[in-house]
Amino acid sequence: MSDAPDPAEPREHLSDRPGSPIRVVVAKPGLDGHDRGAKVVARALRDAGMEVVYTGLHQTPEQIVEAAIQEDADAVGLSVLSGAHMTLFAKVVDLLKQRDASDIVVFGGGIIPDDDLPELKRMGVATVFTPGATTTEIVDWVRANVDPNR
């Protein structure tokens, strides 16, 4: 018998409140051409009952923020493997603030050095999932930290 939680068991999460499901924009900013991880995360979130918009490769921060606002997203998940995470994550967070949309939760994933994590958090990135994070961890974190009724 597995110790894993039964997916049929109800769990208390922000997403269990009445109203719309959590809406997440998953994006690949910059010139990074590797999107398998972003697609896996997008599918896991969708399979968990969230509404997911995947923007595709090579998105500018401006395009990502515009998509998040147009889609009335509750969160933006950014995937960066190129090493440009400090610049790209900061730009998305800043643009959301400029558009009065800082209530949209920004989280990230990818090849991010541990030394950069405190600075990303300081600039407004809620959390970062590094290699080895499971889709279950990501789904559970989104459910616990993103309010669809913001």
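**Entry 1: confidence**

I began with residues 1-17, where pLDDT stays under 50 and the model has 18 contacts beyond four places in sequence. I note here that the model is predicted. For the protein chain as a whole I found a mean pLDDT of 90, with 88% of its residues at 70 or more.

**Entry 2: the sheet**

I asked in what order the strands of the sheet stand. I read β2-β1-β3-β4-β5, which makes 5 strands in an open sheet with parallel pairing. I then looked at the edges and found β2 (51-54) and β5 (127-129) there. Each has a single partner strand, so one side of each has no neighbour in the sheet. From one strand to the next I noted a twist that averages 20 degrees.

I looked up the pairing of β1 (residues 23-27) with β2 and counted 4 bridges in the parallel sense. At V24 I found V52 of β2 standing opposite.

**Entry 3: a helix on the sheet**

I followed helix α1, residues 36-47, and saw that α1 lies across β1, β2, β3 (75-80) and β4 (105-110). Against β2, I noted that α1 runs at about 160 degrees.

**Entry 4: the cores**

I wrote down a general point before looking: nonpolar side chains tend to be buried together in soluble globular proteins. In this model I found that the largest nonpolar core has 24 residues. Among those with the most contacts inside this core I listed V76, L78, F89 and L120. Two or more residues each come from β1, α2 (61-70), β3, α3 and α4 (117-123). Which element gives the largest share of this core? I found that α3 does, with 7 residues.

I also noted a second, separate core of 18 residues, which includes V24, V41, V105 and F129.

I then checked F89 by itself, leaving aside neighbours within four places in sequence. I found F89 in contact with L78, V80, G108, G109, I112, L120, M123, V125 and V128.

**Entry 5: H85**

I placed H85 in helix α3, which covers residues 85-98. Is H85 buried or exposed? I read a relative accessibility of 4%. Buried means under 20%, so H85 counts as buried.

I next looked for a partner and found a polar contact of 2.6 Å between the side chains of H85 and D116. Not counting residues up to four places away in sequence, I listed V80, A90, I111, I112, P113, D116 and L120 as touching H85.

Conventions
Residues numbered from 1 in each chain as written. Predicted model: local features only at pLDDT ≥ 70, side-chain atom pairs only at ≥ 80, totals over all residues. Heavy atoms only, no water. Buried < 20%, exposed > 50% of the residue type's maximum accessible area, 1.4 Å probe, protein only. Polar contact = N/O pair within 3.5 Å; in protein donor to acceptor, adjacent residues only side chain to side chain. Contact = heavy atoms within 4.5 Å. pLDDT = per-residue confidence, 0-100. Pairing = 2+ DSSP bridges. Axes fitted to C-alpha atoms, helices over the stretch in contact; angles between N-to-C directions. Core = buried A, V, L, I, M, F, W, Y, C linked by side-chain atoms within 4.5 Å.
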